[in-house]
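Dear colleague,

I am handing over the structure below, and after it I set out what was found in it. Please keep the view open while you read.

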Amino acid sequence: MSRILVIDDAATVRMYHRKILGDAGWDTEEAINGLEALEKVGMLTDDEGFDLYVVDINMPKMDGFTFVRELRQLSAARQTPVMMVSTEAQSQDTQTAFDAGANCYLIKPAKPQELVLTAALLLGDRAAALKAAEGVRP
């Protein structure tokens, strides 16, 4: 089972993302900012690592951009996909996220099907992607 770390300073957003991703069948954990997330990542062995990071941008102590840049310096997490989810909708925010090492960028509030489909594609979970795609077709 894939493990996802949801990083956001808003408890309601963490609960929302964890519920959606958990209902899709993935194991989720949470962190309240980038610093706490890096501490969690640093305590794990290679076998215990996360398979996907869902990251907000604006957080106290360490923002999402800095977290992703720091994460990409860790050999164990260099290739792990990162989905940034933020209220920041300017094209420069998206570019900064990709420059930092993010794999995709969603605008809050992300629809459940969009969140699950994107996560499934990043995780290479074909069954979950097909199921989520059924929900986003017009």
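A residue is called buried when its relative accessible area is under 20%, exposed when that area is over 50%, and partly exposed in between. Please also bear in mind that this is a predicted model.

By that scale Thr96, which is found in helix α4 (residues 91-100), counts as partly exposed, because its relative accessible area is 25%. Once its neighbours within four places in sequence are left aside, Thr96 is in contact with Phe65 and Arg69. With Phe65 the separation along the chain is 31 residues, while the C-alpha atoms of Thr96 and Phe65 are separated by 7.4 Å.

To place this in the whole, the protein has six helices and five strands, and from the N terminus on these elements follow the order β-α-β-α-β-α-β-α-β-α-α. For a chain of 138 residues a compact globule would have a radius of gyration near 14 Å, and the protein, with 14 Å, therefore agrees with that expectation. The C-alpha trace spans about 40 × 35 × 25 Å along its principal axes, and buried residues make up 45% of the 138 residues.

As for the surface, the protein exposes about 7300 Å², of which carbon and sulfur atoms supply 50%. There are 14 positive and 21 negative side chains, and the centres of these two sets lie 4 Å apart.

Two further residues deserve a look, and the first question is a simple one: is Arg3 buried or exposed? Arg3, whose place is in strand β1 (residues 3-7), is buried, because its relative accessible area of 17% falls under the 20% limit. Its side chain is joined to that of Glu29 by a polar contact of 2.4 Å.

The other residue is Asn33, in the loop between β2 (27-31) and α2 (34-42), which is buried with a relative accessible area of 4%. What does the side chain of Asn33 reach at 2.9 Å? It is the backbone nitrogen of Leu35, and a polar atom of the Asn33 side chain also lies 2.8 Å from the backbone nitrogen of Glu36. Not counting residues up to four places away in sequence, Asn33 touches Ile7, Met59, Pro60, Lys61 and Met62.

Terms used. Residues are numbered from 1 along each chain as its sequence is written. This is a predicted model: local features need pLDDT of at least 70, side-chain atom pairs count only at pLDDT 80 or more; totals for chains, interfaces and linings use all residues. Side-chain values use heavy atoms; hydrogens and water are left out. Helices (H or I, at least four residues) and strands (E, at least two) are DSSP runs, numbered from the N terminus. The radius of gyration is taken over C-alpha atoms; the globule rule is 2.2 Å times the number of residues to the power 0.38. Buried means under 20% relative accessible area, exposed over 50%, partly exposed in between (1.4 Å probe, protein chains only). Accessible areas come from the Shrake-Rupley method with a 1.4 Å probe; for residues, only the protein chains shown count as cover. Lys and Arg count as positive and Asp and Glu as negative; His and the chain ends are not counted. The place of a charge is taken as NZ of Lys, CZ of Arg, CG of Asp or CD of Glu. A polar contact is a pair of N or O atoms within 3.5 Å; within protein, one must be able to donate a hydrogen and the other to accept it, and residues adjacent in sequence count only if both atoms are side-chain atoms. Contact means heavy atoms within 4.5 Å.
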